Amino acid sequence: MTFIPPAAGETILLAAAVPLETALLRREFAFAPPKENRPFAPSTAEAFGRHLLFVHTGIGKAGAAAAVAPPLAPRPGGLVLDFGGAGAYPGRGLALGDLGP
């Protein structure tokens, strides 16, 4: 498989389940607060010549699908990066590479 980065001006959607997973990213890119007061409303930023959308999806596949579909609808063909800790939060006793129960 070949990775082709999005062209300048294209949208990149960044998605993670909970705010704890994204605190550093939100601070680094100074995302504007969501323009809408509704669950899964995306925040926005500009970086590297690209439009960034950022959304918290909640936990689970259904929440992720519900969160990423609306921002992608008017902009098909962008890049989606879904990331997070998968529950490996501080104080949980998990080390890098461990699999949780």
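Q: Where do the coordinates come from, and what's left out?
A: This is a predicted model, where local features need pLDDT of at least 70 and side-chain atom pairs need 80 or more, while totals for chains, interfaces and linings use all residues. Residues are numbered from 1 along each chain as its sequence is written, and side-chain values use heavy atoms, with hydrogens and water left out.

Q: And how much of the protein counts as buried?
A: 28% of its 101 residues, with buried meaning under 20% relative accessible area (1.4 Å probe, protein chains only).

Q: OK, fold. What pattern does the sequence follow?
A: β-α-β-β-α-β, with two helices and four strands. Those are DSSP runs: H or I of at least four residues for helices, E of at least two for strands, numbered from the N terminus.

Q: In what order do the strands sit in the sheet?
A: The open sheet runs β2-β3-β1-β4 with mixed pairing; two strands pair if DSSP finds at least two bridges between them. At the edges are β2 (43-47) and β4 (79-82), each pairing on one side only.

Q: How many bridges join β1 to β3?
A: Six, between residues 11-16 and residues 50-56, and the two strands run parallel.

Note on methods:
Buried < 20%, exposed > 50% of the residue type's maximum accessible area, 1.4 Å probe, protein only.
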